[in-house]
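Visitor: I have not looked at this structure before. Please take me through it and say what each term rests on.

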Amino acid sequence: MTSFLSQNVWGLKNKEKKVKLFQWLKSQEQSFYFLQETHVNSKCKSVWEAEWDYLGFFSGNSSNSEGLAILVNKKVPKNKIVCHTEILPGRLQALEVIIENKPILLVNIYGPNKDNTLIFERLNSFLLENEDKYFIIAG
């Protein structure tokens, strides 16, 4: 059975916090983990994926705000992962996967702190462009 967990992590710059979070996430034994407000930047993406010790898909480039991640459990075969899309970096990402022989788009959203319709306009466009697929939206 495929399972999901979504969590706002309020920044992962602190290595000890990140290590503890990754340990806790793994103990939850979910298939996919949606993280928001990671504060990920281009320098740390490959390091964080190595620390996760399997597949990690990141969006964003700010060490002070926003940022997303979809982390994958080792039990999910790599050949079930189709592609990752940064729809709106740091705010909206998608991971296409195959679950029970169906194309599923896992969408991770980190909404704005202020009224801003751009995220929802981009989400709407993305959903319409992919209307032939199934969606799971978290955030």
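This is a predicted model: local features need pLDDT of at least 70, side-chain atom pairs count only at pLDDT 80 or more; totals for chains, interfaces and linings use all residues.

Visitor: What makes the span of H1 close to the one expected?

Guide: H1 covers residues 15–28, which is 14 residues, and reaches 20 Å from its first C-alpha to its last. The expected span is 1.5 Å times one less than the number of residues, and for H1 that gives 20 Å. The two values are therefore close.

Visitor: What is found at the start of H1?

Guide: A side-chain oxygen of Asn-14 comes to within 3.0 Å of the backbone nitrogen of Glu-16. The cut-off for a polar contact is 3.5 Å between N or O atoms.

Visitor: Which residues of H1 are buried, and which are exposed?

Guide: Lys-18, Leu-21, Phe-22 and Leu-25 are buried. They lie on the same side of H1 because they cover an arc of only 100° around the axis. Glu-16, Lys-20 and Gln-23, on the other side of H1, are exposed.

Visitor: What covers the buried residues of H1?

Guide: The cover includes strand E1 (4–8), strand E2 (32–36), helix H2 (45–52) and strand E4 (68–72).

Visitor: Why is Lys-18 called buried?

Guide: Buried means under 20% relative accessible area. Lys-18 has 4% relative accessibility, so Lys-18 counts as buried.

Visitor: What does Lys-18 touch?

Guide: Leaving out residues up to four places away in sequence, Lys-18 touches Leu-12, Trp-48 and Glu-51. The side chains of Lys-18 and Glu-51 are also joined by a polar contact of 2.4 Å.

**The whole chain**

Visitor: How many helices and strands does the protein chain have, and in what order do they run?

Guide: The protein chain has 3 helices and 8 strands. From the N terminus on, the order is β-α-β-α-β-β-β-β-β-α-β.

Visitor: Why is the protein chain called as compact as a globular protein of that length?

Guide: The globule rule gives 14 Å for 139 residues, and the radius of gyration of the protein chain is 14 Å, so the chain is as compact as a globular protein of that length. Its C-alpha trace spans about 40 × 35 × 20 Å along the principal axes.

Definitions and conventions:
Residues are numbered from 1 along each chain as its sequence is written. Side-chain values use heavy atoms; hydrogens and water are left out. Helices (H or I, at least four residues) and strands (E, at least two) are DSSP runs, numbered from the N terminus. Buried means under 20% relative accessible area, exposed over 50%, partly exposed in between (1.4 Å probe, protein chains only). The arc is that of the directions from the helix axis to the C-beta atoms. Contact means heavy atoms within 4.5 Å. A polar contact is a pair of N or O atoms within 3.5 Å; within protein, one must be able to donate a hydrogen and the other to accept it, and residues adjacent in sequence count only if both atoms are side-chain atoms. The radius of gyration is taken over C-alpha atoms; the globule rule is 2.2 Å times the number of residues to the power 0.38.
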